[in-house]
Amino acid sequence: MSTYGTDGETDQDGGSEHESFPARLSLAAFGKVVDIGLDGRGPQHSAEQLVAEARAEHPDTKAAIDAVVRHHFKLAAAGGFITGVGGLITLPVALPANVVSFYVLAARMVGSVAALRGYDITTEATRTALVLTLIGADADAVLRKAGVVGGGTMSTIAVNRLPRAAALVINKGLGFRLATGLGARGLGRLGRAVPLAGGVIGAGLDLYLMKKLADAVRSEFPQR
């Protein structure tokens with residue numbers, strides 16, 4: 001299913017909600033990445049499949065979540081190492097691939113944790129909340145602009161239908177943040193330019209970022 005609509009609309013005050021082309025393209029591309037992470041593609045298992053496997057092995061919800069998170073930590077570290085181990089020669093190809101694969105894994109992890117906590121990750125509202133979790137600190141600015149404030153924000157978004165105007169502002173804000181932020185996150189991985197040592201740096205960085213996202217989704221999506 002498609003996660004996010006990026007079509008421009010006019011809000012109730014008559015203001016144009018058309019986003020810049022880079023913002024719309026970024027949001028659409030990121031939505032596809034999140035969809036692959038949540039729904040699976042080819043050998044990539046879906047979040048629901050992963051949840052079913054985790055529950056079968058760990059009937060206790062906390063133990064199942066811990067297992068899912070540990071699994072993604074290992075995959076993130078391995079992906080970061082492979083990206084950096086070739087150094088500057090392979091970086092132009094490896095870096096974009098790593099950014100995409102990292103967010104596919106991250107989307108599946110946060111989606112799996114949310115599902116294990118009782119949220120329906122097939123709904124557009126929950127997927128919007130998951131993307132807000134993935135963009136981290138930038139989410140606060142996006143939500144403030146949309147007039148969404150208060151405790152338990154992500155879980156509230158996930159289980160309630162947002163007003164159309166707020167949803168449009170959030171989608172517009174997501175597009176802008178992604179258009180300006182993903183490139184910066186890629187540049188933050190340029191320490192991988194040194195062969196071999198770059199693999200260690202890459203593994204450590206991706207593991208650190210995945211841990212931050214694991215902490216965020218555990219905090220933002222309490223047990224229903």
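Which two side chains meet in a salt bridge at 2.5 Å, N to O? They are the side chains of Asp66 and Arg218, where a salt bridge is taken as a side-chain nitrogen of Lys or Arg within 4 Å of a carboxyl oxygen of Asp or Glu. Before I go on, please keep in mind that this is a predicted model, in which local features need pLDDT of at least 70 and side-chain atom pairs count only at pLDDT 80 or more, while totals for chains, interfaces and linings use all residues. Residues are numbered from 1 along each chain as its sequence is written, and side-chain values use heavy atoms, with hydrogens and water left out.

The structure holds five salt bridges, and I will go through some of them. In general, side chains of opposite charge can pair when their charged atoms come close. In the pair I opened with, Asp66 sits in helix H3 (residues 61-85) and Arg218 in helix H9 (residues 197-220), so that distant parts of the chain, 152 residues apart, are linked. Helices here are DSSP runs of H or I with at least four residues, numbered from the N terminus. Arg218 is partly exposed, with a relative accessible area of 27%; buried would mean under 20%, exposed over 50%, and partly exposed lies in between, with a 1.4 Å probe and protein chains only.

Staying in H9, Asp215 forms a salt bridge with Lys211, their closest N and O atoms being 3.1 Å apart, and these two residues are four apart, about one turn of the helix. Asp215, at 39%, is partly exposed, and Lys211, at 42% relative accessibility, is partly exposed as well.

Now to Arg127, which pairs with Asp39 in a salt bridge, the closest N and O atoms being 2.6 Å apart. Arg127 belongs to helix H5 (residues 124-134) and Asp39 to helix H1 (residues 21-39), 88 residues apart, and the pair thus links distant parts of the chain. Arg127 counts as buried at 1% relative accessibility, whereas Asp39, at 32%, is partly exposed. Asp35 joins Asp39 and Arg127 in a network of salt bridges.
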